[in-house]
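I opened the notebook to look up one residue and then one interface. The entries follow in that order.

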There are 2 protein chains.
Amino acid sequence: MELSNRVNAMGHSPIRRFNKYAIEAEANGKKVYHLNIGQPDVETPACFMEAVKDFDKKVVAYSESGGETVLQDAICRYFERYDIHYDRSEILVTNGGSEALNMVFTAVINPGEEAIIAEPFYTNYHTFITAAGGRVVPVTTKAEDGYDFAKRDLIEAAITPNTKCICCINPGNPTGRVLTIDDMKLIGEIAKEHDLWIIADEVYREFAYDDRKAVSFGMLDDLADRVIIVDSVSKRFSACGARVGCVASKNKELMDGLMKIAQGRLCCPTLDQIGAAALYNLDEAYYDEVKAEYESRRDVSYEELMKIPGVVCQKPGGAFYMMAKLPVDDVEKFLIFLLTEFEDNGETVMFAPAEGFYATEGLGNDEMRIAYVLNKDAMRRGVELIRLGLEAYNSK
Amino acid sequence: MELSNRVNAMGHSPIRRFNKYAIEAEANGKKVYHLNIGQPDVETPACFMEAVKDFDKKVVAYSESGGETVLQDAICRYFERYDIHYDRSEILVTNGGSEALNMVFTAVINPGEEAIIAEPFYTNYHTFITAAGGRVVPVTTKAEDGYDFAKRDLIEAAITPNTKCICCINPGNPTGRVLTIDDMKLIGEIAKEHDLWIIADEVYREFAYDDRKAVSFGMLDDLADRVIIVDSVSKRFSACGARVGCVASKNKELMDGLMKIAQGRLCCPTLDQIGAAALYNLDEAYYDEVKAEYESRRDVSYEELMKIPGVVCQKPGGAFYMMAKLPVDDVEKFLIFLLTEFEDNGETVMFAPAEGFYATEGLGNDEMRIAYVLNKDAMRRGVELIRLGLEAYNSK
């Protein structure tokens, strides 16, 4: 009565691994600023709950495996803003971006095949690629280069006969790197030369700051058959708990393969899809407002971070994360110190240790990721607590 | 730019495969009685939408990976009715019973290992077991024996050194077979002797008719470490579109392994969990009422089915499906005939061909499954249409 080898080989989420210390700190009456997880305090637009409340059928019935048509249509209209033209059959609704990624790697990766991805990267890529029997091949990027990975020599050095796809999280989690259209064209050229899929995780699409343009791999028509877009309402509409995402692709074979997987789990929840359709119908003003809010949170977080002696950080161009090197040997130990020993006026702070964002052993030990998902005052205080904590830690 | 071998090897859902004919028939103005899918017309209890509408947080935030505590607690209280005592850590909330099954096989089955299951069985067992690299080993059961599989010789003949688990869908889909406590004890004994997991899919638990007792593998304390219960609100509360299920087990290692998988997909939808908690809080009267309704639907359907010359059918004891042998060589051809050529007063009917419910090649060609999920008049008319269709088909 053993478990499977694959589940024994899995680890607990590195982002959620330290929760027990935070729960204990909170039980002891400490206030913890949660900069560790991408859970924004931005309000979910009211239209979500309004649409849900308007549901008046007597039976909460199965939805179609590919998604509610009202949601598929809303997603198609949303992409029209980017001059990208999908029809319903090219949109598969999923249980969040997580299921979208899981399905895509299940459909694309054979055991032993490789997926190229710039590190640091969102940890669950590791989970889903290894679950499919594949191998993560990292392209290491650095703060000093602004985490740029759109370089021919860097990417080509990672390609082997087993390479199956290039994964682009854009804007980047955890780096905040934003690709330009020219970056995307270069990646597209390489993908064409080596006949690779492009998995474009664009769940932070509109969160591109300092007059950077929100773009999509879907805009490049000559890549249409190889681009697989992963999307989600979680971040864009601050609706993480709705668990609504999608895969969008013009490759009919891929969409047919994904549909086979989707039929196995029958369908996504009906109510959340109806709410999500209302979110996708929001107009341009919503995006402008939210983007301005996150941009200002980034600015105060960065300003406050720069007050810490010895910190190394590049101001990110997008998404809502910031990577920073801290003047400690082991950020995990420092994090445990913050949650178990440190406090300032009864308050402390939590971040995500960066080690889990790297595939290369030994990288990230002195780095953290913070998510600037709290309001400006909270972000200022949260980063201040990191500074005060470091002072206490290093003078121990 | 190929797809993975595993996705190429997958088939489209045999239950949903004929939908295109039904959609076309409906587009041509025919009324189709859908006896093919387990989507009841029974109203979802109003408390579900009431609880959802009461949600008043400003942010629809991530839930915990293991589930909302309000739902875990409601599920624990529900199991107390059966004198089964779980705590929160023994309940993992999933995206429907489907995700529960998928996670369980991921956690239990290594490539090459075998899962024993009585055939005919719910088709997605094949999907999930093969996705985990495992092999379905069927124990063939027959209408003539009431689809009984709780026999030592039958089960032991299927056990090999690679056997990892025995799967029991109880009450059975598609057979309607209901295990007694003694049946379960026998299966438990065999599982102990051969050190196997017992995967107990009990999503139809309360739907046991003719004074049969609703039971659970969770009631047998000496099996506690090897029993994995899969549950769902879909059928019990007619809330298929809520996509809320769970795994319940007292095996701590298993629950820890499942939690690792669960963290990869972050969490289940928040609103549906809140609604589901209200469903689990319904009192005994709800179960009595719904059971009586399905029992009377079964009786009408069976009565009507018995009017068809040459049909072979055992009156099922539970769930809401009925298997029947029809006097045709190929029920799939007959089904296509019903949807494309036949009509009676502008009406026709759809069932699920049984072939997809068998792992053994060649079985089920002359069998169908109907779901008695529609009201009595609709069931009567639906089965009548099968009779009239058969007359037309066999006189062609």
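I looked up A:Ser232 and, leaving aside its neighbours within four places in sequence, found it in contact (heavy atoms within 4.5 Å) with A:Gly97, A:Val203, A:Val244, A:Gly245 and A:Tyr280. This is a predicted model, in which local features need pLDDT of at least 70 and side-chain atom pairs count only at pLDDT 80 or more, while totals for chains, interfaces and linings use all residues. Residues are numbered from 1 along each chain as its sequence is written, chains are lettered from A and ligands numbered from 1 in the order in which they are written, and side-chain values use heavy atoms, with hydrogens and water left out.

Is A:Ser232 buried or exposed? I noted a relative accessible area of 3%, so A:Ser232 is buried (under 20%; exposed is over 50%, partly exposed in between, with a 1.4 Å probe and protein chains only). The side chain of A:Ser232 reaches the backbone nitrogen of A:Ser234 at 2.9 Å.

Next I turned to the interface. I found 79 residues from chain B and 79 residues from chain A in the contact. The area buried between chain B and chain A is about 6200 Å² (accessible area, 1.4 Å probe, that two parts lose on being put together, summed over both). Carbon and sulfur atoms give 55% of that area. I noted that B:Met1, B:Arg16 and B:Tyr62 supply 14% of the area that chain B buries against chain A, more than any other three residues.

I looked for salt bridges (a side-chain nitrogen of Lys or Arg within 4 Å of a carboxyl oxygen of Asp or Glu) and the count between chain B and chain A is zero.

Technical notes
Polar contact = N/O pair within 3.5 Å; in protein donor to acceptor, adjacent residues only side chain to side chain.
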